[in-house]
Amino acid sequence: MLDDLNALENKALAELDAADSPDAIEAWRIAHIGAKGALKAMMPRMKDVPKEQKGEVGKRLNEVKATLESAFEAKKGAAGPGGAGPAPAVDMTEPGITDTRRLGRRHIITRVRAELVEVFARMGFDVAQGPELEDDEHNFIKLNIPAGHPARDPIDNFYVDDPNEAETPRMLRSQTSTVQIRAMERMVAEGSGPPIKVVSPGRVYRPDTVDATHSFMFHQIEGLYIDRGVTLRDLKTTLLQFAKAYFAPDAEIRLRPSFFPFTEPSAEFDMKIALKPGTEPAWIELGGCGMVDPNVLQACGVDPEEWTGFAFGFGIERIAMGKHAIPDIRMLFENDIRFLERV
Ligand code: DAH
C-alpha cells in the first residue's frame, strides 16, 4: 500500500501540474482528493494493513492527503481570480501602504513668471520673445549704449565673440531690454504698429560672483508700451495696478530718479509691502523703468515726434523671493526637494 500511495502522489502532482484551466483544476480535485476520489478510495484498504504497519501507512496517507490539498490550493491561487478559484493572493484594488512616488510640480520661477505674464495680459500686454544669444546691436547699440560705454566691458558680459575683433560680437544677453528692440523692429517690418504693448520674460546672464542676492543667470520681465501721448503717469499707473494685482490691494509704490541709457527720464521702482501678514511693510526694489529714450525709438524706425512710450524691467527672482519669503537666491537653483516642495 505504501508503494501505491507514492505512485498516486507522483501521478496526481504531475497531472495537477499539467492542468491548465480552472475547469481542469476542479476536475483534478474531484478525481484525486474529492469525496469519491482516488485518495478516498484507498482508505478502506487500511483494514488489510498488518497491525504493526498501520501506524506508518496511516501517517503516509495523511501526508499524501496534505501534500495534494496544499498543491491544489497553491495551483488554484496562482490561476488567479475568475473561474472557480478562491480570492487571489494579492488584492490589486487595495491602496498601497506607502506610496513612494513623488508627483512633480512646476518650479517656483516658472510659476511666478507665468503669473506675471497673466497679470500683465489682463492689462492688455502681449508676450514678445527674443533670443538669449544676442549681439551687441540689440544688447547695447540700439539701446543707446554706444561703443566705449562701461556697461560693455568684457568683465561684465558673457561675450561669445571677441568684442575687439568681431564686427557685431555675439553675447549671452545681459538684460531683457534687448526684446524691446526686437519687438519694435518686428513691428516696423510687419507694419503691425505702433501702438505696441508687450512683456518679455526670460533668462539673462552676467558674470557676477554668486552670493545670496546674485547669480550669473537669472530672469527678468521686460515691459514696453508705445502709443500716441503715453506719459510718465501711464507708467506709474501701470506699475501701481501691477503691484496691487500681484502683491496686495494696499501695496504702495515709489519711483526714485535714476539713470538708464535707454530711458529719459529713468527711475528705480520700489514697492512697499508687508511680505508676511502681521509684519511691518518695507520698501523693496523691483527694477528699473522710464520713458523710452527718443534715440531708442529712432534706432528702431519709430518716429519720436509722433510716438512716446514707457518701459520697465523687473527681476523675476527678486519678485519670487519677496512674495515667498525666500532669503537666498541660490535656493532657487539648488533643486533641494525639501525647498521645492515648500514653495
Ligand atoms: N535693463 C535694466 C537692467 O537690467 C532694467 C530696466 C531699466 C529695464 C529701465 C527697462 C527700463 O526697460 O526702462 O538693469
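**Reading a predicted chain, feature by feature**

Tutor: Start with one residue of this predicted model. Thr 176 has a relative accessible area of 0%, so it is buried.

Student: What cut-off makes a residue buried?

Tutor: Buried means under 20% relative accessible area. At 0%, Thr 176 therefore counts as buried.

Student: Where is Thr 176 found?

Tutor: In the loop between β4 (170-172) and α7 (178-190).

Student: Which residues is Thr 176 in contact with, leaving aside its neighbours within four places in sequence?

Tutor: Ser 200, Gly 202 and Val 204 are on the list. Gln 220, Ile 221 and Glu 222 complete it.

Student: Let me try Gly 37. Why does Gly 37 count as buried?

Tutor: Read the percentage again. Gly 37 counts as buried because its relative accessibility is 2%. Its place is in the loop between α2 (22-32) and α3 (38-42). With neighbours within four places in sequence left aside, Gly 37 is in contact with Ile 30, Ala 31 and His 32.

Student: How much of the protein chain counts as buried?

Tutor: Of its 343 residues, 40%.

Student: Now the overall form. How many helices and strands does the protein chain have?

Tutor: There are 12 helices and 10 strands. Next, compare the radius of gyration with the globule rule. The protein chain has a radius of 40 Å, while the rule gives 20 Å for 343 residues, so the chain is more spread out than a compact globule. Along the principal axes, the C-alpha atoms fill a box of roughly 125 × 55 × 40 Å.

Student: Which domains does the domain assignment give?

Tutor: Domain 1 covers 2-79, and domain 2 covers 108-342. The C-alpha centres of the two domains lie 85 Å apart.

Student: What share of the contacts joins residues at least 24 apart in sequence?

Tutor: Count contacts between residues at least 6 apart. Of those, 65% join residues at least 24 apart.

Student: Next, helix packing. At what angle do α1 and α4 pack?

Tutor: Helix α1 (residues 2-18) and helix α4 (residues 51-78) pack at about 5 degrees, and their axes are 10 Å apart. That angle makes α1 roughly parallel to α4.

Student: How do the residues of the contact of α1 with α4 divide?

Tutor: Into 12 nonpolar, 2 polar and 5 charged. On the α1 side, they include Leu 5, Ala 12 and Leu 16. On the α4 side, Val 57, Leu 61 and Phe 72 are among them.

Student: What about phi in Asn 144?

Tutor: Asn 144 has a positive phi of about 70 degrees although it is not a glycine. Its place is in the loop between α6 (136-139) and β3 (158-159). Ala 325 also has a positive phi, near 50 degrees, and is a residue other than glycine. It is found in the loop between α10 (316-324) and α11 (331-334).

Student: What are the relative accessible areas of Asn 144 and Ala 325?

Tutor: Asn 144 has 25%, so it is partly exposed. Ala 325 has 33%, so it is partly exposed.

Methods
Residues are numbered from 1 along each chain as its sequence is written. This is a predicted model: local features need pLDDT of at least 70, side-chain atom pairs count only at pLDDT 80 or more; totals for chains, interfaces and linings use all residues. Side-chain values use heavy atoms; hydrogens and water are left out. Axes are lines fitted to C-alpha atoms, for helices over the stretch in contact, and angles run from 0 to 180 degrees between N-to-C directions. Helices (H or I, at least four residues) and strands (E, at least two) are DSSP runs, numbered from the N terminus. Angles under 35 degrees count as roughly parallel, over 145 as roughly antiparallel, 65 to 115 as roughly perpendicular and the rest as oblique. Contact means heavy atoms within 4.5 Å. Ala, Val, Leu, Ile, Met, Phe, Trp, Tyr, Cys and Pro count as nonpolar, Asp, Glu, Lys and Arg as charged, and the others, Gly among them, as polar. Domain bounds come from an automatic or database domain assignment. The radius of gyration is taken over C-alpha atoms; the globule rule is 2.2 Å times the number of residues to the power 0.38. Buried means under 20% relative accessible area, exposed over 50%, partly exposed in between (1.4 Å probe, protein chains only).
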